[in-house]
Amino acid sequence: MRWMSSTGLLAALLLVQACDVPPKVIEEHQEVDYFLLKQRWKSACVALRMEDPELQRYTAMKLVDYPREPVAAQCLCEGLYDKDAGLVREAVAKGLENSGRDDLAACLEPAITDDRIADKTVLVETLSSLGSKEGFRVLSGLAQGSGDPAVRAQSAVALRPSERHIPLLLELLAKDPDPGVRAGAAAGLLGRSGDQVESALFTAAGEDADGGVRGAAFAALASSQKRKVDELGCKLLMEDEDERAREAAARGFHGTKDTARIACLKQRLQEEEPSPKVRRATLDALGASPAQEAADALCESIGPFLKANVQDQIAETMPDVDIIRVHNERDWERSYACVQGAIARGGQSCYGRNHLGRWFRTFGGQAPTPWCPGMEKNTPG
């Protein structure tokens with residue numbers, strides 16, 4: 001009787017599959033749900049080839065729950081990487097995030113050598129997002145291979161979720177000849193703890209020959225509350241010749257409440273900074289801090305900042321010199337007094353005086369807005 005029951009069930013399943021004639025078009029999520037309910041895998045798979053990316057994502061997210069169904073697994077493989085078209089479908093990949101499916105990672109491996117896929121970004125990101133051992137194995141091969149350095153660097157970053165690949169990232173950080181790969185390895189170590197990791201990042205941040213690597217290594221260290229990290233970050237911010245390292249240091253201090261970090265950001269504001277990116281990161285770091293010391297630093301730095309950075313150009317045409325706006329958004333009640341104080345201290349260029357005067361008038365005060373070379377005579381002010 002038991003044998004007959006099993007046979008009957010098998011016959012029923014075969015009948016269902018035999019009757020699974022796929023439609024040419026699927027447009028709604030509900031259609032996918034219906035086909036899955038009826039175990040019509042081929043029909044549900046049609047949605048993976050539709051142009052609607054949300055429908056592709058939804059279908060992949062549903063099909064991935066049936067790893068033991070050969071038809072579902074095969075169509076996911078083909079939907080993820082279309083060998084005929086030389087295409088990795090990003091929307092399908094999003095539906096497979098954190099699935100841990102080694103078989104799907106294996107489906108992607110042939111795409112690595114597919115020259116039709118010019119941008120391997122989606123491929124690398126997908127291998128990482130699967131969260132599978134096989135995916136990280138493929139990424140580790142890419143990271144330490146001899147291929148495109150940009151792909152190698154991205155693969156190193158993508159290894160970040162894999163604890164078992166920390167030794168590889170440490171080796172790449174210390175020894176790889178390509179600075180992009182070293183920076184990628186540093187980014188891949190973000191959030192990792194332990195004396196060995198911290199020591200390697202500290203060494204790279206302070207000693208690597210490339211500013212991008214120094215910046216990436218400090219970014220991975222910045223969350224540490226150790227005083228030596230604060231000191232290293234301040235040294236990079238104030239002394240490093242590469243704007244990438246200075247910017248990373250400022251971003252590492254973003255929103256800080258630490259008095260030493262705030263003091264360093266203030267010091268950066270009060271000295272000339274030729275890089276708009278570093279100016280932006282420094283201003284944003286203080287503007288995001290809830291500490292009163294940060295608001296004070298912005299207020300007290302208005303005059304010195306403009307004096308150092310607004311010398312021979314119209315301030316309104318310069319990128320990232322909007323310290324008054326940043327302070328006003330952070331501490332608007334003192335904007336009048338802070339700008340008034342900056343005006344009183346003097347020492348500004350013509351362009352600095354014009355800029356301060358314009359803002360002071362905005363806050364209800366009265367101050368001269370001198371005409372400076374390059375300005376139109378009829379400019380309000």
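This is a predicted model: local features need pLDDT of at least 70, side-chain atom pairs count only at pLDDT 80 or more; totals for chains, interfaces and linings use all residues.
Which residues of H15 are buried? They are Val-229, Asp-230, Leu-232, Gly-233, Leu-236, Leu-237 and Met-238. Residues three or four places apart on an α-helix point the same way, because the helix has 3.6 residues a turn.

Now the length check on H15. The helix runs over residues 227-239, which is 13 residues. At 1.5 Å a residue, the span should be 18 Å. The end C-alpha atoms are 18 Å apart, so the two agree.

Cys-234 pairs with Cys-264 in a disulfide, with the sulfurs 2.2 Å apart. The torsion about that S-S bond is 105 degrees, and the link is right-handed. Cys-234 sits in H15 and Cys-264 in H17, 30 residues apart, so this pair links distant parts of the chain. Cys-264 has a relative accessible area of 2%, so the residue counts as buried.

On to the other disulfides. The structure holds five. I'll take two more of them.

Cys-45 and Cys-75 come next. Their sulfur atoms are 1.8 Å apart. This link is left-handed, with -60 degrees about the S-S bond. Cys-45 is in helix H3 (residues 41-45) and Cys-75 in helix H5 (residues 70-80), and the two are 30 residues apart. Are these cysteines buried or exposed? Cys-45 is buried, at 3% relative accessibility. Cys-75 is buried as well, at 11%.

H5 holds another bonded cysteine, Cys-77. Its disulfide partner is Cys-107, S to S 2.1 Å. The torsion here is about -120 degrees, so this disulfide is left-handed. Cys-107 lies in helix H7 (residues 102-108), so the bond ties H5 to a part of the chain 30 residues away in sequence. Cys-77 is buried at 16% relative accessible area. Cys-107 is buried too, at 12%.

Last point, the pairing order. How do the bonded cysteines pair when numbered in sequence order? The pattern is 1-2, 3-4, 5-6, 7-8, 9-10.

Note on methods. Residues are numbered from 1 along each chain as its sequence is written. Side-chain values use heavy atoms; hydrogens and water are left out. Helices (H or I, at least four residues) and strands (E, at least two) are DSSP runs, numbered from the N terminus. The expected span of a helix is 1.5 Å times one less than its number of residues. Buried means under 20% relative accessible area, exposed over 50%, partly exposed in between (1.4 Å probe, protein chains only). A disulfide is a pair of cysteine sulfur atoms within 2.5 Å.
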